[in-house]
Amino acid sequence: MDKPVRIALISGDGVGGEVLAEALPCLDWARARGRNLEILRLPYGADHHLATGEILPDTAFRELRDGCDAILFGAVGDPRIPDGRHAEGILLRLRQELELTVNFRPCRPLLPGQPRLDIEVFRENTEGPYCLQGTTEPGRAVDLAIHTEPAVRRLLESAFAAAARRQLPLTLAHKANVLKHGHGLWLRVFEAVRLDHPAVSARTMHADALLCALVQDPAAFGIIAADNYLGDLISDLCAAFVGGMGVAPSLSWAPHRPHRCAALAEPVHGSAPDIAGKDLANPVGMILSTALLFRHLGWEAEAAGVEAAVSAALGTGARTHDLGGSLGTRGMGMAIRRHLPA
Ligand code: NAD
Ligand code: IPM
Ligand code: MN
């Protein structure tokens, strides 16, 4: 038998655990089909932090880094911790210290009447203003944004490779007209990487103009590459084209594989405190993120099976409240499970 793939589960906060619970049957289903996977459940999140003071202990981080292959993550963010220190210490730490440079956020129509678009946002996931270096002084505040050539190159090489494979146009979002240093670096690396991909139709756009063009004609876009901050904003906008925050998936990975654990799957949405604990969260984004993880592991049949089950459930009219339906999180999870092939 193959060596087991070890997947760590971190629910986090709010709706994180609710949507993650609906993705777990997909793991059981993959196992029943012969995939050798082991699960490690970890308790980190706001409740654990408030009860114990721990955020993500180093021993747990090392176990994740060296003893797991991937992480399935719910969401973090809790109104009881307004400075977000645990979110930084869990999610941003994992992204940065596992060097998960690429945050892949695909956006495809799920429901009738949605625009026929095929967009993949490639967001740099570790740098820019997320380096969390700054100061607040009387009357003055600074957030530093750091961009480094290796990370920018890894992100752009992954984006160009996807554009070549999928035969989609590539657009780099930037604001180098103002952010001369950081986004100037992005433009230089972009010009270098595009030389290796002469067949890709590639352009750069000022991010402000890009957003207007994207809303006017989303189908004109394919791969959109962006730094951490712009990519965060652009990917939420793209989610709005296909049903909103509840349905958008993401996968982060380390193309250069510096550690055993080189992938983290999580929905694009957050912990949604406004609907937490009410069985209102849509689990589709989390379940589609699990499919992205299966594909990353080379389990194409399982990835396609989960995606087809989501489409089939939506095709029969199964809808949570955010999509105008009446199903709860658990009901929607069940509707999807029913369509997983035997
Ligand atoms: P959010 O994504 O949690 O919620 C935004 C809106 O989308 C809310 O109206 C919410 O009800 C709705 N929504 C989100 N997920 C949904 C789902 N599965 N089904 C139906 N509706 C859903 O963003 P926010 O309110 O700006 O942030 C709340 C907390 O989450 C903050 O602490 C924020 O920092 C954190 N956050 C975490 C992540 C993450 O862990 N990856 C991502 C985004 C925000
Ligand atoms: C996301 C979230 C996070 C981000 C927050 C919670 C730090 O918005 O995953 O998109 O900004 O990256
Ligand atoms: Mn975001």
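How many salt bridges are there between domain 1 and domain 2? The count is zero, where a salt bridge is a side-chain nitrogen of Lys or Arg within 4 Å of a carboxyl oxygen of Asp or Glu.

This is a predicted model, in which local features need pLDDT of at least 70 and side-chain atom pairs count only at pLDDT 80 or more, while totals for chains, interfaces and linings use all residues. Residues are numbered from 1 along each chain as its sequence is written, chains are lettered from A and ligands numbered from 1 in the order in which they are written, and side-chain values use heavy atoms, with hydrogens and water left out.

**Domains**

The domain assignment gives domain 1 (1-104 + 249-342) and domain 2 (115-241). Such bounds come from an automatic or database assignment. Contact, meaning heavy atoms within 4.5 Å, takes 15 residues from domain 1 and 15 residues from domain 2. The C-alpha centres of the two domains lie 24 Å apart.

The area buried between domain 1 and domain 2 is about 1300 Å². Carbon and sulfur atoms give 58% of that area. Buried area is the accessible area (1.4 Å probe) that two parts lose on being put together, summed over both.

Eight residue pairs, both at pLDDT 80 or more, are in polar contact between domain 1 and domain 2. A polar contact is a pair of N or O atoms within 3.5 Å; within protein, one must be able to donate a hydrogen and the other to accept it, and residues adjacent in sequence count only if both atoms are side-chain atoms.

On the side of domain 1 that touches domain 2, helix 4 (85-97), strand 4 (102-107) and strand 11 (249-253) each give two or more residues. Helix 4 gives the most, with four residues. Helices (H or I, at least four residues) and strands (E, at least two) are DSSP runs, numbered from the N terminus.

**Ligands**

Ligand 1 has 18 residues around it. Val76, Gly270, Ala272, Asp274 and Asn282 come nearest. Around ligand 2 are Arg95, Arg105, Arg123, Tyr130 and Asp232. A residue is near a molecule if one of its heavy atoms lies within 4 Å of it.

| Ligand atom | Protein atom | Distance |
|---|---|---|
| Ligand 1, oxygen | Valine 76, polar backbone atom | 2.9 Å |
| Ligand 1, oxygen | Serine 271, polar backbone atom | 3.1 Å |
| Ligand 1, nitrogen | Asparagine 282, polar backbone atom | 2.8 Å |
| Ligand 2, oxygen | Arginine 95, side-chain N or O atom | 2.6 Å |
| Ligand 2, oxygen | Arginine 123, polar side-chain atom | 2.7 Å |
| Ligand 2, oxygen | Tyrosine 130, polar side-chain atom | 2.6 Å |

**Backbone**

Alanine 272 is among the residues that come nearest to ligand 1. Alanine 272 has a positive phi of about 40 degrees although it is not a glycine. Its place is the loop between strand 12 and helix 9 (284-296).

Arginine 257 is not a glycine either, yet has a positive phi of about 45 degrees. The loop between strand 11 and strand 12 (263-267) holds arginine 257.
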